[in-house]
Amino acid sequence: MNRIHCYFPASLWLCIALLFSFPDQLFAQKSGELPRPKNVIIMIGDGMGYNHILASNYYLGISKQVYETFPVRLASCHYPAKAGSYGDNGKEKLRWGTGYNTVAAWTDTAWLKRNVTESAASATALATGVKTYNNAIGISIHGDTLVNLVQWAKQIGKSAGVVTSVPFSHATPAGFVAHNATRTHYSQIACEMLLDSRCDVIMGCGNPMFDNNGKPQTGRWKDAKFVGDSALFSQLIAGSGTRTEFAVKGKMKRVQDCDRDGKPDAWTVVSDADGFRALMAGKTPKRVLGCPQVYETLQQARKMENGESRNSPPFITPHNSRVPDLSTMAKGAINVLDNNPAGFFLIIEGGAIDWAAHDNQKGRLIEEMKDFNEAVLAVVDWVTKNSSWKETLLVVTADHETGLLWGGGPFLPIENSGTGKLPGMKFFSGEHTQSLVPLFAKGPGCELYRRYADEQDSVRGPFIQQSEIPQLIEFLWPK
Ligand SMILES: [Zn+2]
């Protein structure tokens with residue numbers, strides 16, 4: 001009897017205390033209801049490891065990025081189901097992925113470089129919840145077509161879009177929209193994205209009418225594979241906002257009906273910087289293809305001038321001012337997508353973080369990180385002003401680490417040299433690595449990511465598998 005007398009008031013006080021400290025969570029559990037985010041935005045720094053963020057923070061003199069203060073901060077693991085490569089010729093050189101080994105990851109650089117993922121397998125895992133073989137776009141190791149988050153969002157009546165700083169048919173955005181045995185089939189992937197998907201917004205580079213410096217190609221265009229082909233791209237531009245039927249490789253194809261009103265919806269093509277700026281506010285077209293006037297990347301692939309080298313600090317070569325930055329594209333995309341009262345799903349990729357890291361360009365890595373960080377700030381600003389953290393779930397993560405970026409030696413910390421000075425840092429690879437990447441989340445349901453983090457890294461702490469990122473979103477968005 002004594003026990004009951006002691007326990008009862010104590011547990012009662014605990015209940016009251018809990019009610020006051022976590023009223024939302026308690027109510028949600030009591031009624032059996034899960035948080036249901038109206039909008040979900042995933043921002044992916046391609047190849048962005050912990051040290052990529054830290055190095056740019058040191059240079060820019062910022063103690064923490066806004067996403068580093070989000071309530072959920074975990075690590076994410078990204079090995080593929082099958083590593084190696086699956087080539088254009090259909091020849092497999094694949095082997096089973098080996099999983100993550102926290103001891104090897106902190107002692108053995110050779111292990112970190114083996115059996116790594118690439119952006120297509122990674123995007124497929126992030127978009128479908130299924131790990132697959134390297135180079136696969138939305139296809140499983142058994143050859144099955146997987147349902148991606150764009151399709152999922154469209155099936156439940158939401159709008160959907162993809163935005164990137166590299167070609168829109170490149171692995172990361174493609175993995176969220178398309179299905180192809182191999183990522184290098186750019187033309188097929190672009191055609192699927194433009195003609196067979198119900199995406200409301202597609203924004204990214206690949207514009208064959210311009211080179212990497214934004215110079216118009218008056219005589220002969222660049223290879224138009226990233227936008228389908230030159231005939232399709234010409235028809236899209238000429239029929240912007242009106243045309244719904246296209247001759248593609250000798251066949252007539254019709255665009256999809258993105259809002260299920262029974263009519264196919266034409267793409268409005270936006271390509272100049274003013275056009276992107278105009279999208280940020282006010283009334284927008286229903287469906288937008290944004291293809292900036294540059295070939296492969298917004299800025300990273302522009303030529304080096306003024307004696308710039310791979311080891312130079314950022315901003316040596318002037319930026320191309322005729323293309324939008326990632327924040328402008330993100331704001332424009334959101335302004336189109338938020339026309340739907342049922343909400344939207346959007347991915348925004350800082351795609352050239354990976355490209356700068358592959359090229360071991362210290363300064364350009366910081367430029368790309370700055371562009372990505374500013375895009376996150378723009379999204380956070382939109383959430384606080386035009387939506388709310390009760391309505392929008394924002395996830396900031398990476399698909400893998402690129403460049404094995406460390407301080408003076410492997411596993412040594414990046415050295416802060418002060419604001420405006422390149423930190424002491426070195427790339428120990430030109431490829432992807434097994435190093436864990438960060439996952440930050442804020443908004444309805446974000447706390448549930450902790451439940452997936454049932455594995456532990458000796459340095460980064462609890463981590464999830466990247467394939468679990470969309471699994472939670474599908475759980476919160478029942479069909
Ligand atoms: Zn890469």
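How many helices and strands does the secondary structure of the protein come to? There are 16 helices and 19 strands, where helices (H or I, at least four residues) and strands (E, at least two) are DSSP runs numbered from the N terminus. This is a predicted model, in which local features need pLDDT of at least 70, side-chain atom pairs count only at pLDDT 80 or more, and totals for chains, interfaces and linings use all residues. Residues are numbered from 1 along each chain as its sequence is written.

**Overall dimensions**
- The radius of gyration is 23 Å, close to the 23 Å that the globule rule gives for 479 residues, so the protein is as compact as a globular protein of that length. The radius is taken over C-alpha atoms, and the rule is 2.2 Å times the number of residues to the power 0.38.
- Along the principal axes, the C-alpha atoms fill a box of roughly 90 × 60 × 45 Å.

**The sheet**
- An open sheet of eleven strands runs in the order S9-S10-S6-S5-S11-S1-S12-S17-S2-S19-S18, with mixed pairing (two strands pair if DSSP finds at least two bridges between them).
- S9 (268–270) and S18 (455–457) are the edge strands, each with a single partner strand, so one side of each has no neighbour in the sheet.
- On average, neighbouring strands of this sheet are turned by 25° against each other, direction ignored.
- S12 (residues 392–398) pairs with S17 (residues 437–442) in the antiparallel sense over four bridges. Leucine 394 is opposite lysine 442 in S17.

**Helix H14 with H12**
- The axes of H12 (residues 326–337) and H14 (residues 362–386) come within 8 Å and cross at roughly 30°. Axes are lines fitted to C-alpha atoms, for helices over the stretch in contact, and angles run from 0 to 180 degrees between N-to-C directions.
- H12 and H14 are therefore roughly parallel (under 35 degrees; over 145 is roughly antiparallel, 65 to 115 roughly perpendicular and the rest oblique).
- Residues making the contact include Leu326 and Ile334 of H12 and Phe372 and Trp382 of H14 (C-beta atoms, placed from the backbone, within 7 Å).

**Helix H14 with H3**
- H3 (residues 50–60) and H14 have axes that come within 9 Å and cross at roughly 90°. The two helices are therefore roughly perpendicular to each other.
- Among the contact residues are His52 and Tyr59 of H3, and Leu365 and Met369 of H14.

Methods. Two residues are in contact if their C-beta atoms, placed from the backbone, lie within 7 Å.
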